[in-house]
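Thanks for coming, everyone. Please bring up the chain on the screen, and we will walk through it together.

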Amino acid sequence: MPEIYPRKPWHGAHASFVILPRKQVFRWCRYKAPKEPFAIISIFDSDKDAPAVPMNHWMQGFLKMQFDDIEPIDGCRYLDRVLFTEEMAKTIWDYVLDRTAAGVKMWAVHCEMGICRSSAV
């Protein structure tokens with residue numbers, strides 16, 4: 001079965017994006033990252049550490065966000081889980097604005113599987 005990750009980057013008018021699962025971030029940074037300024041948004045579960053990511057000359061930022069892949073349901077308690085908040089959304093937004101102003105046009109966004117949270121961001 002062919003490997004489906006990393007997906008091909010999406011190229012927009014002002015920026016390009018690649019969505020990755022956690023297990024591919026290290027390899028992408030080491031072997032596939034572009035030879036231009038890029039930044040990473042790393043999303044990982046509340047019970048895990050951030051993945052190891054090799055630094056390189058072109059990496060212009062590495063934002064670590066820790067929240068779980070769950071949605072709130074009325075009446076439910078989430079004892080050991082972290083829900084995504086407006087404050088987290090603002091942190092991501094501010095980071096993107098700051099790194100864009102610094103010249104970043106390539107973004108790598110990852111979560112555990114590279115499907116829900118990273119695509120939503």
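Let's start with two residues: Trp28 and Phe38 are both buried. Keep in mind that this is a predicted model.

Where do these two sit? Trp28 is in helix H1, residues 22-32, and Phe38 is in strand S3, residues 38-44, so their pair ties together parts 10 residues apart in sequence. How do the rings meet? A pair of aromatic rings is described by the distance of the centres and the angle of the planes. For Trp28 and Phe38, the centres are 5.3 Å apart and the planes are at 90°, an edge-to-face pair.

How many aromatic pairs are there? The count is two. The other one is Tyr95 with Trp107. Their ring centres lie 5.8 Å apart and their planes stand at 75°, so this pair is edge-to-face. Tyr95 belongs to helix H2, residues 86-101, and Trp107 to strand S5, so the pair links parts that are 12 residues apart in sequence. Tyr95 and Trp107 are both buried.

Now back to Trp28. Why do we call Trp28 buried? Its relative accessible area is 5%, and buried means under 20%.

Next, the helix around Trp28. Which residues of H1 are buried? They are Gln24, Val25, Trp28 and Cys29. These residues span an arc of only 135° around the axis, which means they share the same side of H1. Turn to the other side of H1, and you find Lys23 and Tyr31 exposed. What do the buried residues of H1 pack against? They pack against S2, S3, S5 and strand S4, which covers 59-66.

That brings us to S5. How many of its residues are buried? Six of six, so the strand counts as mostly covered by the under 20% cut-off. In a regular strand the side chains alternate between the two faces of the sheet. In S5, both faces are covered. Met106, Ala108 and His110 are buried on one side. Trp107, Val109 and Cys111 are buried on the other.

Look at the neighbours of S5. Strand S2, residues 16-21, pairs with S5 in the parallel sense, over six bridges. Pro21 stands opposite Cys111 there. S3 also runs parallel to S5, and five bridges join them. Here Ala39 stands opposite Trp107.

S5 spans residues 106-111, and His110 lies within it. Is His110 buried or exposed? His110 has 0% relative accessibility, so it counts as buried. Its side chain makes a polar contact of 2.6 Å with the side chain of Ser42.

Finally, zoom out. The chain has three helices and five strands. Along the sequence, the pattern reads β-β-α-β-β-α-β-α. There are 121 residues, and 37% of them count as buried. Take the contacts with a separation of 6 or more: 56% of them come from residues 24 or more positions apart. The chain exposes about 8,000 Å², with carbon and sulfur atoms supplying 57% of that.

That's my tour. Over to you.

Technical notes: Residues numbered from 1 in each chain as written. Predicted model: local features only at pLDDT ≥ 70, side-chain atom pairs only at ≥ 80, totals over all residues. Heavy atoms only, no water. Helix = DSSP H or I, 4+ residues; strand = E, 2+ residues; numbered from the N terminus. Buried < 20%, exposed > 50% of the residue type's maximum accessible area, 1.4 Å probe, protein only. Polar contact = N/O pair within 3.5 Å; in protein donor to acceptor, adjacent residues only side chain to side chain. Phe/Tyr/Trp six-rings, centres within 6.5 Å; stacked < 30°, edge-to-face > 60°. Pairing = 2+ DSSP bridges. Arc of directions from axis to C-beta. Contact = heavy atoms within 4.5 Å. Areas by Shrake-Rupley, 256 points an atom, 1.4 Å probe, with all protein chains shown as cover.
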